Amino acid sequence: MDSISAVSEELGQIDGEIADIFRALSNGFQKLEKIKDANRQSRQLEELTGKLRDCKRLIKDFDREVKDSEGRNDPNTNRMLNDKKQSMIKELNSYVALKKQYATNLENNKRVDLFDGPGEDLNEENVLLASAMTNQQLMDNGNQMMTETDQAIERGKKIVQETIGVGTDTAAALKAQTEQMSRIVNELDSIHFSIKKASKLVKEIGRQVATDKCIMAMLFLIVAGVVAIVIVKLVNPNNKDIRDIPGLAPPAQNRRLLWNPI
């Protein structure tokens, strides 16, 4: 610890806090081994779990400080600090494993107590009652217990059958829903394909409509030009600047008669 304090005061402080927690954990687990009451063991484990969390947080702080000071330290110092960190992690993991072992044992003990319950007291009471019974009473009591056991078994079988029936119905419903979802997915794919095809058709129709509009516009311009030329020719037939339209006869000239009828 002194060598770590020489490297960094912050690292020395963190190392001291971690060492204190490790001592507290060692004493706590020794105390836990002597406790027989399950509730007290549970409270002790919760306290030790809190100390393990604090230790893990401090080791992370130690690691951050080591990384921040790597550039300022020589290789030997960095190696010493990393070895110290790995030693801390190893010791913490050993306490974590010990805590898990105690927690598992405590859980198993609780389960045994739950199923056993006040079994010893009941057994002693049953022994006292059996000693006071006659043979006929013992036989009747035994037959009654066997009948109750058979009824309990029948109830258990009924529950199992009902559970199997519910499971079968659930499986059938899930299968039907899966098939329905598959059909829906297929229909959606078909709809998507139809939409894509319709989009292509709409684009093609749009292009055709645009082409037809262009053709109609050109035809309209041609017809308008022809009509305009015809009108100009009719209005001013002597205008030589406008050529005759092929296929269109020029306007008739005024004929002069050689003799006038009397």
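In what order do the elements of the chain run from the N terminus on?

## Overall architecture

From the N terminus on, the order is α-α-α-α-α-α. The secondary structure thus comprises 6 helices and 0 strands, where helices (H or I, at least four residues) and strands (E, at least two) are DSSP runs numbered from the N terminus. Of the 262 residues of the chain, 15% count as buried. Buried denotes under 20% relative accessible area, exposed over 50%, and partly exposed the range in between, with a 1.4 Å probe and protein chains only.

The model is predicted: local features need pLDDT of at least 70 and side-chain atom pairs count only at pLDDT 80 or more, whereas totals for chains, interfaces and linings use all residues. Residues are numbered from 1 along each chain as its sequence is written, and side-chain values use heavy atoms, with hydrogens and water left out.

## Nonpolar core

The largest nonpolar core has 23 residues, and those with the most contacts inside it are Ile-18, Phe-22, Leu-25, Cys-55 and Phe-62. At least two residues of this core are supplied by each of α2 (9–34), α3 (38–68) and α4 (75–116). Helix α3 gives the largest share, 9 residues. A nonpolar core is defined here as a set of buried Ala, Val, Leu, Ile, Met, Phe, Trp, Tyr and Cys residues joined through side-chain atoms within 4.5 Å.

## Salt bridges

A salt bridge requires a side-chain nitrogen of Lys or Arg within 4 Å of a carboxyl oxygen of Asp or Glu. By this rule the count comes to 6 salt bridges. One of them joins the side chains of Lys-84 and Asp-15 at 3.8 Å, N to O. This pair links distant parts of the chain, with Lys-84 in helix α4 and Asp-15 in helix α2, 69 residues apart. Lys-84 is partly exposed, at a relative accessible area of 30%, whereas Asp-15 is buried, at 4%.

Arg-64 is partly exposed, with a relative accessible area of 47%. Arg-57, Asp-61 and Arg-64 are linked in a network of salt bridges. In a further pair, the closest N and O atoms of Lys-67 and Asp-63 are 3.5 Å apart. Because Lys-67 and Asp-63 are 4 residues apart in helix α3, about one helical turn separates them. Lys-67 counts as exposed at 52% relative accessibility, while Asp-63 is buried at 17%.

## Surface patches

Patches are made of residues with over 30% relative accessible area and no salt bridge; like charges are joined within 9 Å, and nonpolar side chains (Val, Leu, Ile, Met, Phe, Trp, Tyr) within 5 Å. Accessible areas come from the Shrake-Rupley method with a 1.4 Å probe, and for residues only the protein chains shown count as cover.

Lys-196, Lys-200, Lys-203 and Arg-207 gather in a surface patch of positive charge. Lys and Arg count as positive and Asp and Glu as negative, with His and the chain ends not counted; the place of a charge is NZ of Lys, CZ of Arg, CG of Asp or CD of Glu. Arg-207 is found in helix α6 (residues 135–235) and counts as exposed at 53% relative accessibility.

A nonpolar surface patch is formed by Met-181, Ile-184, Leu-188, Ile-191 and Ile-195, with about 470 Å² of accessible area together. Ile-195 lies in helix α6 and is partly exposed, with a relative accessible area of 48%.
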